[in-house]
Amino acid sequence: MVESNRRILLASRPVGKPGLDNFRLDSVPIAEPAEGQVLLKIVYLSLDPYMRGRMNAGRSYAKPVEIGDVMEGGTVGRVVRSRHPDFVEGDVVLSHSGWQSFAVAEGSTLRKLDPAAASISTALGILGMPGFTAYAGLLTIGQPKPGETVVVAAASGAVGSAVGQIAKLKGARAVGIAGGADKCAFVRDELGFDAVIDHRAPDFEAQLKTSCPQGIDVYFENVGGHVWDAVFPLLNDFARVPVCGLIAQYNDAAAYPGPDRLPGVMRDVLNRSLLIRGFIQREFVDQRPAFYSQMAAWIASGQIRYKEDIVNGLEAAPEAFIGLLEGRNFGKLVVRVAE
């Protein structure tokens, strides 16, 4: 049977939480590469929270996915046909080919991977964009110092798990926030955080305060919502807050409910000399070579551990993505599209 390119398209823009009806699976003939291009068979697809923002039409730091277009996302694929001198059939590469089983890509946009060095799926997680987000955001903006307290939410996830472990390597005390007993146990027992709190606990705020007796010097923000409410009063003078995401608010269909707390927040930003800095990982592109080298060494030595949550089949991507926004994944969420 002749293969075709199976794709998942954005069928409609969600209002609030996305549903399966916002996606559509179709099939088209496989395209042929032009000069300078390669044809890829996608092996792994990364699912990440930022994709929710791409489903909206509003202004953001990147262009939204248009209705009827392939959902965007990072991918690992094998070269099937090459018309680029740097790639041959069988090469494994990192690309940004989206939710589909085959893709034509410009050779100049690809990064060749070494399957012998690490599992190729890690190029979408700990050795990819999420790991680099943790590395660059924490070290460039957070700048943890020995003895300081670093707090990170979604601590069992792809970014948060790396943040806490890097903080520990820099001599700081790592406090994680996660959802559920299994995730909390993993963060504490497998990743080696100094403390972990379940954000679902009825006394979450009290537990967080007890776990941070000297206050919080760095808070790596990727959640927002009630976690931010609990963290903010504990920030020390001169605390640093790298902001890479607000997953708790991505599905909000209306303005944040009142009262308006911005004046009070800004007063404390001034009075406590707080640094709150939003960032997109691509701002730190010059740090990627150092990241690839350092993170690979940390993983090889066992100083950094990671967990992947792999689902099978392109058609499983929409349901898995919806679950990601609800915190149902456990570790870096990846779709295995092909063997």
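In which sense do strand E11 and strand E12 pair, and over how many bridges? Strand E11 (residues 216-220) and strand E12 (residues 235-243) run parallel and are joined over two bridges. Two strands count as paired if DSSP finds at least two bridges between them. Ile216 stands opposite Leu235 in E12. Strands (E, at least two residues) and helices (H or I, at least four) are DSSP runs, numbered from the N terminus.

The model is predicted: local features need pLDDT of at least 70, side-chain atom pairs count only at pLDDT 80 or more, and totals for chains, interfaces and linings use all residues. Residues are numbered from 1 along each chain as its sequence is written, and side-chain values use heavy atoms, with hydrogens and water left out.

E11 and E12 belong to an open sheet of six strands. The order is E10-E9-E8-E11-E12-E13, with parallel pairing. Strand E10 (195-198) and strand E13 (275-278) form the edges, each pairing on one side only. From one strand to the next, the twist averages 15 degrees. Axes are lines fitted to C-alpha atoms, for helices over the stretch in contact, and angles between N-to-C directions run from 0 to 180 degrees.

Two helices meet E9 and E10. Helix H4 (residues 181-190) packs on the sheet and touches strand E9 (173-178) and E10. Contact means heavy atoms within 4.5 Å. The direction of H4 makes about 170 degrees with that of E10. Helix H5 (residues 204-211) lies across E9 and E10, at about 170 degrees to E10.

The largest nonpolar core has 33 residues. Such a core is a set of buried Ala, Val, Leu, Ile, Met, Phe, Trp, Tyr and Cys residues joined through side-chain atoms within 4.5 Å. Buried means under 20% relative accessible area, exposed over 50%, and partly exposed in between (1.4 Å probe, protein chains only). Leu138, Val163 and Met295 have the most contacts inside this core. Elements giving two or more residues include helix H2 (129-142), helix H3 (158-169) and helix H8 (288-301). H2 supplies the largest share, six residues. Beyond its neighbours within four places in sequence, Met295 contacts Ile126, Leu127, Gly131, Ile166 and Ile304. A second, separate core of 30 residues includes Ile8, Val38, Leu40 and Val65.

The disulfide count is zero, with a disulfide taken as a pair of cysteine sulfur atoms within 2.5 Å. Cys212 is buried, at 3% relative accessible area. Its sulfur is too far for a bond, because the closest cysteine sulfur, in Cys184, is 14 Å away. Cys244 is partly exposed at 25%. The sulfur of Cys244 is 19 Å from the closest cysteine sulfur, in Cys212, also too far for a bond.
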